[in-house]
Amino acid sequence: MRKIQMVDLKSQYEGIKEIVNQSIQEILENTSFINGPQVHTFQKGLEEYLGVKHVIPCANGTDALQIAMMGLGLKPGDEVITADFTFAATVEVIALLQLTPVLVDVDPSNFNISVEAIRNAITPKTKAIVPVHLFGQVAPMEEIMKLAEEHNLYVIEDNAQGIGASYTYSNGTKKKAGSIGHIAATSFFPSKNLGCYGDGGAIFTNDDDLAHVIRGIVNHGMYERYHHDVVGVNSRLDSIQAAVLNAKLPKLDSYNTARRNAANAYSNALANHPNIITPIVEGDEDSHVFHQYTLRIVNADRNGLMAHLQSKDIPCAIYYPIPLHRQKAYLDSRYNEADFTVTNQLVEEVLSLPMHSELDEDQLVFITDAILEFLK
Ligand SMILES: *Cc1c(COP(=O)(O)O)cnc(C)c1O
């Protein structure tokens, strides 16, 4: 059996090695390291894949979120509502821009931001909502967009974990995650579902004016060479990363199918166990791309289980061990512990298993056997 890894980028590389090596070699030969044709090709390819009018590549997913908020013209003191249970990048950029983060609780069934909690957190200062498609499952976008419309708020999708997922509206219409809100941000960090071999990110929008504003922001606030109209940043996707992404984009759906198959194998083996809650998929199967496969371990010794798995060389991880509202950087006297009962419980229960496009049956059986052996 191959060594089990949380993410197996080496095995995935074997399947695209020739094309990746050849396109990187070309860039080395013609030295088009920045803004090479690969970047434009990737932008167009991703626009077509997502069905979105504008993709603006940038340096990483955190920049993408920050630039999205800059592009919307959010001002210091504006309140931005996001989930308490997510990676810190989401709240970090809100704070960096001197906007006011308003963390809210999540839904215990799918780990995504609670629409009810958003509704309760809206004040006259609220300007935007940032749903995170956590672990690869699309947040309840129809309800969120409706609420945003009622209160005249922007919706910024954090799609760092959800690329390739689809959302089905109650009338049956489908849209790709990242094409639903006013703007979206994603990351191409190597371990993401569509990852490059370094850092990368992108912003998506269907709004022509917003796309124009953002193309200037990522390039030092320039709309005309050496004319700096706004304070911008330097945030680029380099040509080598774009070349890797061009090799992987045509395979994204099959990579996500492989993840879904692995998730189904895990869930079939672990279903109906009194100490395990397996992840549920809301709506259609393609609403979840399993960036992570995350169990809840209830009324059992999670740390003991982790130690047992590690003793068998099975990696596992807790995403995320501390709710953001309890992180030193984001403490706020307005928060009340009673408003975070779900996140507070999830951090004690969650356990993420190895998840990537290259897990095989032997590995999956070995992992689920080890879990059942410990929990009996
Ligand atoms: C990975 C991630 C980011 C940040 O992406 P980077 O490319 O690492 O900056 C933001 N939000 C979420 C939910 C993520 O998982």
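User: Happy to look at this predicted model with you! To begin, how many residues of helix α9 (residues 239–248) are buried?

Analyst: Let's start with the surroundings of this helix. The rest of the structure largely encloses α9. Its buried residues include Ser 239, Val 244, Leu 245 and Lys 248.

User: Nice. Which helices do the buried residues of α9 pack against?

Analyst: Among the buried residues of α9 are Gln 241, Ala 242, Ala 243 and Ala 247. The packing partners of the buried α9 residues are α1 (9–14), α2 (17–30), α3 (37–50) and α10 (252–270).

User: Now to Lys 192. What does the UniProt annotation covering Lys 192 say?

Analyst: Lys 192 sits in the loop between β8 (183–187) and β9 (201–205). An unreviewed UniProt entry annotates this lysine, and the wording there is "modified residue: N6-(pyridoxal phosphate)lysine".

User: Does Lys 192 count as buried or exposed?

Analyst: The cut-off for buried is under 20% relative accessible area. Lys 192 has a relative accessibility of 17%, so Lys 192 counts as buried.

User: And which residues does Lys 192 touch, not counting residues up to four places away in sequence?

Analyst: Lys 192 lies in a loop, and with sequence neighbours up to four places away left out, its contacts can be listed by name. They are Ala 160, Ser 187, Arg 259 and His 291.

User: Let's turn to the largest pocket. How much space lies in it, and which residues are closest to its centre?

Analyst: The largest pocket holds about 510 Å³ of space. Its lining is made up of 30 residues. Closest to the pocket centre are Phe 87, Gln 161, Phe 189, Lys 192 and His 291.

User: Which elements give two or more residues to the lining of the largest pocket?

Analyst: The lining takes in 30 residues. The elements that contribute two or more of them are α4, α5 and β8.

User: On to the strands. Which strands pair with β9, and in what sense?

Analyst: Strand β1 (residues 54–58) pairs with β9 over five bridges, with Cys 58 opposite Gly 201. β8 pairs with β9 over four bridges, with Ala 185 opposite Ile 203.

User: How does β2 (residues 79–83) pair with β3 (residues 100–104) and with β4 (residues 126–130), in the parallel or the antiparallel sense?

Analyst: β2 and β3 share five bridges, and Ile 81 has Val 102 as its bridge partner. Four bridges join β2 to β4, where Glu 79 is partnered by Thr 126. β2 itself is mostly covered, with five of its five residues buried. The sense of pairing with β3 and with β4 is parallel.

User: What is the handedness of the β-α-β unit that β2, helix α5 (residues 89–96) and β3 make?

Analyst: In this unit, β2 and β3 are paired over five bridges, and helix α5 is the helical part. The β-α-β unit is right-handed.

User: What is the strand order in the open sheet of three strands, and which strands stand at the edges?

Analyst: The order is β12-β13-β14, with antiparallel pairing. Each edge strand has a single partner, so one side of each is left without a neighbour in the sheet. β13 (residues 293–297) and β14 are joined by four bridges, and Thr 294 stands opposite Ser 352. The edge strands are β12 (276–277) and β14 (350–353).

User: Last one: what is the relative accessibility of Asn 112?

Analyst: Asn 112 is found in the loop between β3 and α6 (115–121). Leaving out residues up to four places away in sequence, Asn 112 touches residues including Val 106, Asp 107, His 133 and Pro 140. Asn 112 counts as buried, because its relative accessibility is 0%.

Key: Residues numbered from 1 in each chain as written. Predicted model: local features only at pLDDT ≥ 70, side-chain atom pairs only at ≥ 80, totals over all residues. Heavy atoms only, no water. UniProt positions renumbered as here; feature names shortened; annotations may be inferred. Buried < 20%, exposed > 50% of the residue type's maximum accessible area, 1.4 Å probe, protein only. Contact = heavy atoms within 4.5 Å. Pairing = 2+ DSSP bridges. Right-handed = clockwise from strand over helix to strand, strands pointing away. 1 Å grid on protein atoms, 1.4 Å probe; cavity = no way out; pocket = protein on both sides within 12 Å on 5 of 7 lines; lining within 4 Å. Points joined across faces, edges and corners; volume = space filled by probe spheres on them.
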